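Reader: Please take a single part of this model and look at it closely. Then set it against its surroundings.

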Amino acid sequence: MLVQKLLAVLFLMTFFQRAPVPPASPPAPVTPSTFRISGRVMDAITGQPLARASVVLNPSNPLNNPNSPDSGRVEVTDAEGVFAFAGVPPGKYVLSARRRGYIDQMYQQHESFTTAIIVGPGCESENLIFGLRAGASISGDLVDESDDPIRHADVMLYHQLFTGGKRRTLLVRRVNTNDEGHYHFSALSPGTYFVAVLAQPWYAQHGVRHHVKQENQDVNEGGLQPLNEQNQSLDVVYPIAFYSNASDLPGAAPIALRSGDLAIADFRMRPVPAMHVLVKTPATDSNQGTGVAVTQTVADNDTIFLPAQVNQLAPGLMEVTGVPQGRFNLVLNTQHGNAMTHRSQSVQIQNDAEVDVTRSTSPPVVSGVLRVDDGSPLPQSARVRLRSSAAGEFFDTAVSGTGEFSFKENPLEPGNYEIMIIEPQGLFIRSLSSATAKTSGRSFEIATSHDVSITINASKGNGRITGVAFKKDKPAPGVMIVLAPLDLKSNPALFRRDQSDSDGSFALHFVVPGRYTLLAIEDGWDLEWADPSVLQRYIAGGESVQIAPNQETEVSVKVQ
Amino acid sequence: MLPRTVLFALLTTSLLAEPYFELPLPVIVGSVYPETHDSSSLVSPQNSNDDKYSLRGSVVNSLTGEPLRGVLVQVYLNGQSSMLTGPDGRFQFDNLPAGQSTITVRKPGFFGEDDFQPSERGQSLAATGPNSSPVVLKLIPEGVIYGHIIDDDGEPIEGLPVELLVQHLQNGRKAWEQRTGAVTDEEGNFRMAELPPGNYFLSAGPSRNPVTFPAKLAQPGAQGIPLVYYPTGSDLAAAAPISIAPGKKAEINFTLSPQPLYRVSGTISGYSPSESVSLLLRNSAGIPLAYNSRFDSARGSFHIPWVPPGAYTLEADAPDGHGHSLTAAVPLTVNADVSGVHVILLPTVNIPIRMSVITSRTGTERFGEQENYFPAYVQLVARNDGLSERRYGSQQVVETGASSLELQNIAPGIYRVEVNPTGPLYVQSAMFGTTNLLESDLSVAPGSSPQPIEITLRDDVASLSGTVSLDNRPLSATILAISEHASATPRMQPTDAAGGFQLSFLSPGMYKILAVDHPDRLEYSNPEILRKYLSKAREVVLLPDQSAKIDLELAKVGE
């Protein structure tokens, strides 16, 4: 089953209420009214039993009901790693475990899926083997060019993740170095990681480089002092550094971690001259404010604000410094009353460059209307998402009660984008139409710098598929269930997935009406299932299903 | 530590005027003084024609005397110049005009003297000119407190909050202040750096979540780590300070025993169903503890899981839905599950303030008459020994066109009342019913009726002037004027460089006047502490409109 709450919530929930005390001395029943869940927690790699692990049991139903977290029980494993919950009423439960030095995990967890434990007559809920993976760690020391420790540096950890059936490199954690220049990331899952450092020389002095003469007077707002010779050796920055010795993610050395690995990634930062760039900004009236920032896109989901220093030399003229030479994004923030707009453009930063952002063509804005075919109004929480096919970057925006939406906060590069409805969940996209962009399925193309207007035609009535995965006529727990649309290529939003529970059962919600192939794949969790060529070879072994609006279907599927 | 004015005067004179070189110069940390052993290296002008000079010097570790490399030295003199010291700790700025320059020195891991005064950063003065000498600047190395925490099975305790408290003097009263904090890592280690020299009190816990300590968790009854002050106790007053001298790295290792955690539950009444109720447990030191609480507004029931044994105050606060607040405080002793606690929210009290000004001088009538002008500002200070002094300031309220001051949403309790005149006035009396607030605390009873505080101010203020000296030599100091009124905060004022002082707008009455070198180290609001210094104090009785003059001898704090 899919667990949408964070794992931490599962642990926390346990403690809002004491566990119900099992009936003191139940009269020996013929058919018991309560059952046991028991098993052993082990190191998933070595098979060694793990004592002192907390095993937490939560009924699966309250998870979807945020108002009733008063549930959950906890048991601690003994020296043999054994745990047992007695007096468990029939039902469906989510089991999770944590232990110091190991990664918090749900039972047979894959991504946010787990094998839920079904408890009841004839159900097998004892002698479970709960494998926990030892947490790995990456630590290191940062020193400057004089081999002094760099304290308060920003250390970023990127994880090459397998999400949505695609490999992506995402920022997963961020810590600061301590006074000894040391950092430490612990409890890491096995996988491939990258480490980057953003730091500033603590002694850096940027000052201003340019002077503006206006009406024969030096304009020097804020008492800024011009640089003199001595200061120039201090007018330096550290560019973002990737382990080891790289300036960007493609050049970075991957750190491959297995369970329990302790990796070291040390850095020695080298200063480079800080650039001083003149930026012309649009003239503002009194109720407008303009700000300039410099960002660097580092990974799929990660744009970092560089510690740039921005000095206004004159109205409409700023000097930006504190950044190294290179290509960065210059972000212009304009405030009109309470509204703020951001505009970003890629610029080459080098000394004495002049960047004019006054007349730069603004990037295209995507806006449109969401129409529900029965004309019903939309809830306040309605949201749509744009996802760029190239970078996987996504942007969300709210939809008004009458269906209008606009991504004006998110200027977009030309390219292919997919639209999804995030809220309400019962709504699905039938088609897109646009007079200003080419559409195909749930995707459209931004080809020029012209704004794009899109009409989303949506319908209510998502279907639902429940079923059981069988392997040699026996229910198969823990297998990956994939519901794949016939066209594997252009509709990633139509895929649905689950993990079968201890009785082999699964459920797929919010299925957009249409024709699909249902697949059950054993050991399928490492498959790049979003790649059509990977999934294609399983299609023939799947079950073909047709889902009509609001239809609930039960399907049995053979495990491949 | 010398007050800023002294430093100023001393440096200016010692560097410029020959005769003062004979004065025994104190070693001033983070500041400048002549490097007498190296007089041959006195700097001469680079080019005497255009009057440009060099400023040379070095930076040393105040503890070891070792030269410090890579220190950022900045000189402000007709602009800013910056450089890093070389491997020998030396620096040299060329092409400076003659004059007084401000020098700042910085390096990670070190403090300048003035870093301990939050408003300023380690800076000093030096002179450049034909006869300027090299300067030596000192930096104080930081302190570090680190260590690890294990339970009685030797298992490291992960995720435990660790905090440092310092006791400092605020208006001559002891007050606790939270300085920095950390959380133990997976090996139970913690580390807190960048500590200025001083005495630190370390607290560990409480554990936020018993799951952190699986070994001790069993059904029924979770266990967890309570709040512990180093070395062992739950009582802050009995805690042992960790003394951090410059550059000291103190290792503090703990073994903590998990204790049973209990559940506190009960009902709350008197709340408005549309508003939320916030619940807070404070320990006996008045420190709020981060425990999760749950309140079911439909049933009026609450519970707080995992409370370690101890004495607490359960505080509840809620808006009443009409712009005012409700409050309750219930003392609790927890050594088992506590159920059936009944919390009754009561309205807080609004206390109107009536002020009158008696004027006798011309030109001050306006203080009594001006519209929207209040001749004084009133603050209530909660009487507790807790971490932070809670203060409630008077607010302006406008009713039927007339504005007045009011103390709003005051919870029942006992308060010290501070009345601060905003003009050349003094407080003649402050009464709450029959309570004289100049002598006694204000006691606010639950649900009490809005009785006003009546304040009378006068303009026939007195003043006092004089000079401070030590061994017949005038010197700068800080004057403390301690009033006979028990609740009045002593007046504190620095002298000028020559020891001269002038205290204005004093309330007539009897004062003990004391000149001290370090008022920040003197708990002068404590009569026991103050008694030791009274032999050096002068007692004066000031009459209305009187301008008195006295001379004082410096009392050195700590001697």
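Author: Accessible areas come from the Shrake-Rupley method with a 1.4 Å probe; for residues, only the protein chains shown count as cover. By that method, chain B exposes about 25400 Å². Carbon and sulfur atoms supply 49% of that area.

This is a predicted model, in which local features need pLDDT of at least 70 and side-chain atom pairs count only at pLDDT 80 or more, while totals for chains, interfaces and linings use all residues. Residues are numbered from 1 along each chain as its sequence is written, chains are lettered from A and ligands numbered from 1 in the order in which they are written, and side-chain values use heavy atoms, with hydrogens and water left out.

Of its 559 residues, 48% are buried. Buried means under 20% relative accessible area, exposed means over 50%, and partly exposed lies in between (1.4 Å probe, protein chains only). Chain B has three helices and 46 strands. Both are DSSP runs, numbered from the N terminus: helices are H or I with at least four residues, strands are E with at least two. Take the contacts in chain B with a separation of 6 or more: residues 24 or more positions apart account for 69% of them. Contact here means heavy atoms within 4.5 Å.

Now the part itself. A nonpolar core is a set of buried Ala, Val, Leu, Ile, Met, Phe, Trp, Tyr and Cys residues joined through side-chain atoms within 4.5 Å. The largest one has 34 residues. B:Leu236, B:Val264, B:Phe302, B:Leu314, B:Val341, B:Val343 and B:Leu345 have the most contacts inside it. In chain B, strand 20 (262-269), strand 21 (278-283), strand 24 (301-307), strand 25 (310-319), strand 26 (325-334) and strand 27 (338-344) each supply at least two core residues. Strand 26 of chain B gives the most, with five. Domain 2 (144-259) and domain 3 (263-347) of chain B each contribute at least three residues to this core. Those bounds come from an automatic or database domain assignment.

Zoom in on B:Leu314. Setting aside residues up to four places away in sequence, B:Leu314 touches B:Leu279, B:Leu280, B:Leu281, B:Phe302, B:Ile304, B:Ala328, B:Ala329, B:Val330, B:Leu332, B:Val341 and B:Val343.

Next, the loop between strand 25 and strand 26 of chain B. B:Asp320 lies there. B:Asp320 touches B:Ser272, B:Ser325 and B:Leu326, again not counting residues up to four places away in sequence. B:Tyr271 is 49 residues from B:Asp320 along the chain, yet their C-alpha atoms are separated by 6.7 Å.

Strand 1 (residues 53-61) of chain B is another covered stretch. Eight of its nine residues are buried. Strand 1 of chain B runs antiparallel to strand 4 (residues 90-96) of chain B, joined by five bridges. Two strands pair if DSSP finds at least two bridges between them. B:Arg56 stands opposite B:Gln92 of strand 4. With strand 8 (residues 135-141) of chain B, strand 1 of chain B pairs in the parallel sense, over five bridges. There, B:Val59 has B:Leu137 as its bridge partner.

Some backbone details in chain B. The peptide bond from B:Gly205 to B:Pro206 is cis, with omega near -5 degrees. B:Pro206 sits in the loop between strand 13 (198-204) and strand 14 (223-224) of chain B. B:Asn472 is not a glycine but has a positive phi of about 65 degrees. B:Asn472 is in the loop between strand 39 (462-470) and strand 40 (473-474) of chain B. B:Asn472 is exposed, at a relative accessible area of 77%.

Chain A, for contrast. An open sheet of five strands there has the order 32-31-34-37-36, with antiparallel pairing. Strand 32 (394-398) and strand 36 (438-440) of chain A are at the edges; each has a single partner strand, so one side of each lacks a neighbour in the sheet. In chain A, strand 34 (residues 415-423) and strand 37 (residues 443-446) run antiparallel, joined by four bridges. A:Asn416 stands opposite A:Glu445 in strand 37 of chain A. The peptide bond from A:Glu423 to A:Pro424 is cis, with omega near -10 degrees. A:Pro424 is in the loop between strand 34 and strand 35 (427-433) of chain A.
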